[in-house]
Each structure stands twice: as structure tokens, then as C-alpha cells.
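Welcome, and take a moment to look over the model before reading on. We will walk through it together, one region at a time.

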Amino acid sequence: MAMRTTTAAAAAALTLLAAWAGAHNATAATTATTPEKTATAAAGECRVLAPGASAVAEKAVAAACEQIGVWYTWGGGHGPQPGPTYGQVDPTDPDSAHDPERLGFDCSGLVRHAYHRAAGGDPLTGNAHHQFHSPHVQQRFTAAQGTAPLLPGDLLAWGSGPVHHIAIYLGAGKMVEARESGTRITVSDVRLGGDYAGAVRIAPPAQAPGTFSTWGTDVWTHTEPSTTSPRVHKFPGPTTVRIDCQKHAEPVTAEGYTNDAWSYLPEYGAWITNIYIKGPAWLDGVRTCP
């Protein structure tokens, strides 16, 4: 009798074990597919989520959304032409150690790529700060206005001084962004707290009057038309800028050229020597500053 009881108990235990294994395998199978499903859902969310945007803005959203899942990489997207590039190590961020091995974009590299694909040319060169102050800005929105007046394709910016992060609005409180090292391009909820600085709407023309390109690397602007005045902003590479006027001031010698002409950049509230502006020493079609 004792043997029969033990055998029955063992059989029952085996039955329970088999049932548990089946349930466990089903759970494991579901878990295994979850990342793929999540990625698909995230990719599906990356699209124009509200009406009213221009055709260029909608194309910019579509171009950015094509990059969902691509690595964030510090400095990525800032090659001679728009598009993904291998990144660099950010000395302030240990998570960027593998960025030189990753092909992708940083935040402004993604914005540059998206508007290049949408508008042609290369209208949004430079870093996030330069893009926020681009001469192609059609309209600005303060942080206090929130997302209510925004349309898909608008650029959201963060930074209490220089802008350090930028993303593309999708509508419905969502944005697509390349956020930080160790992550991939993704759809996020708009973050209106912290140092959110506001948003801009881009309407890049083919070549607006008074619009020029800088050249050279690590070029500084100044508070006055003089190299001894305080520095304002640095252009790490060629950047599209709008020039309000120009004047003769301190002679500057650089890159084998000498020139006493300086140009005023209203978006930056700063001056730049004409040596670093593509064009003649005295720019055609630009008025003389009073």
C-alpha cells in the first residue's frame, strides 16, 4: 500500500512538473518576443502625429523616423556631408567609450540629416545651439508655451545657457531624438521640465538674402569686432549664418589672409571676422553697419 501511494504521488508530481514546464516555456517564448514587439511598436509611433505641418517638416519627421534603433554616438552625423558617421569619445561621459565603434548620430547630427533629406542642401549645420539660432528659423516658441502651439517637425531645445540638446517634435506630446551615449534613436515623451528652452519652426529657403556659410574649424565669434573682445560662440565646422551688416574694424590675419572687415550675426548677437565667411573680403549685398 505504501509503495502504491508513493507511486501515485510521484505520478502526480510529474504531472505538475510537466504543467509548470509548459507554462514556463510559454512565458519564456512570450518574453523572448517582447523586445521585438516593443521595437516594432516604438517604430510605429515614429510618424507625424498631428496635422498642420509643412511638407518639408513632414519629410524631416519621416527621415528622422527611418533612423529609429540606430546608435546615438557623440559627434555622429557631422561629417563633410549629412548622414551617419562613427562618433568620438566624450571626455565628460564614460558611456561614450564605445562611440568610435558605433555608426550613428548625436542629437544635432540627426536633425541635420533629417532636414537635409527633407529640404535638400545642408540647411542645419553646426551643433544644437547653432541649429536653435539658425537663420532658417521661421518662428520661436518659449518654454512657457509648452507643446500647444507646436507642429510636427518643430525643433525642441534644452539648455539654460548654450543649447546642449535638440529633438524633433512629432505631435501629441511625442518627439524623436538621439538622446545620449549608450542608447539608440527613439521616440520619447517631450520633457518640458528642467532646462527646456523652447522650440523653433524651420522654413529653410534655398538661399535667403544675407545668408552665408562660415568655413574653417573651431571659429569663435566675439562681442565686438575685435579678437581681444570676449568670445561668444564657437563654430566647430562650416555653419550657415545670417549676416545683418558688416564694418571695417580690427585687421585680422589668419589662414594666410589679412582683412579688417567684420560681420554682425544677429541670431548670436556677435561678430565674426570676414576671413571665416565664404565670399569676397567685403561681402556683396550686405549693408555697412552704422
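This is a predicted model: local features need pLDDT of at least 70, side-chain atom pairs count only at pLDDT 80 or more; totals for chains, interfaces and linings use all residues.

A word to settle at the start is "buried": a residue is buried under 20% relative accessible area, exposed over 50%, and partly exposed in between, with a 1.4 Å probe and protein chains only. Cys107 has a relative accessibility of 7%, so this residue counts as buried.

Residues are numbered from 1 along each chain as its sequence is written, and side-chain values use heavy atoms, with hydrogens and water left out.

Let us begin with helix H3, residues 107–119. Helices here are DSSP runs of H or I with at least four residues, strands are runs of E with at least two, and both are numbered from the N terminus. How far apart should the ends of helix H3 be? The expected span of a helix is 1.5 Å times one less than its number of residues. For the 13 residues of H3 that gives 18 Å, and the end C-alpha atoms are 18 Å apart, which agrees. Much of this helix is covered, with 10 of its 13 residues buried. Among them are Cys107, Ser108, Gly109 and Leu110, as well as Ala118. After H3 comes Gly120, with a positive phi near 75°.

Grid points are joined across faces, edges and corners, and a volume is the space filled by probe spheres set on the points. The largest pocket holds about 1,200 Å³ of space. Its lining has 41 residues, of which His78, Asp106, Ser108, Asn127 and Ala128 are the closest to its centre. At least two lining residues come from each of H3, helix H4 (128–132) and strand S12 (231–235).

What kinds of residues line this pocket? Ala, Val, Leu, Ile, Met, Phe, Trp, Tyr, Cys and Pro count as nonpolar, Asp, Glu, Lys and Arg as charged, and the others, Gly among them, as polar. By those classes, the lining of the largest pocket has 12 nonpolar, 18 polar and 11 charged residues.

The whole structure also has one cavity of 30 Å³ or more. The largest cavity holds about 40 Å³, and the residues around it include Pro123, Leu124, His130 and Thr240. Its lining is made up of three nonpolar and six polar residues, with no charged ones.

Now for the disulfides. A disulfide is a covalent bond between the sulfur atoms of two cysteines. Here a pair is counted when its sulfur atoms are within 2.5 Å, and the count comes to two. Cys46 and Cys65 form one of them, with sulfur atoms 2.1 Å apart. Cys46 lies in the loop between helix H1 (2–45) and helix H2 (55–65) and Cys65 in helix H2, so this pair ties together parts that are 19 residues apart in sequence. The torsion about their S-S bond is about -80°, so the disulfide is left-handed. Cys46 is buried at 7% relative accessible area, and Cys65 is buried at 13%.

Cys245 and Cys289 form a disulfide too, with sulfur atoms 2.0 Å apart. Cys245 belongs to strand S14 (residues 245–254) and Cys289 to the segment after strand S16 (270–273), so the link joins parts 44 residues apart in sequence. Here the S-S torsion is about 95°, so the disulfide is right-handed. Numbered in sequence order, the bonded cysteines pair as 1-2, 3-4.

The segment after S16 also holds Asn274, which is buried at 2% relative accessibility. Its side chain meets that of Gln246 in a polar contact of 3.2 Å. Such a contact is a pair of N or O atoms within 3.5 Å; within protein, one must be able to donate a hydrogen and the other to accept it, and residues adjacent in sequence count only if both atoms are side-chain atoms.

Methods:
On a 1 Å grid over the protein atoms alone, a cavity is a set of points where a 1.4 Å probe fits but cannot get out, and a pocket is an open set with protein on both sides within 12 Å along at least five of seven lines; lining residues have an atom within 4 Å of a point.
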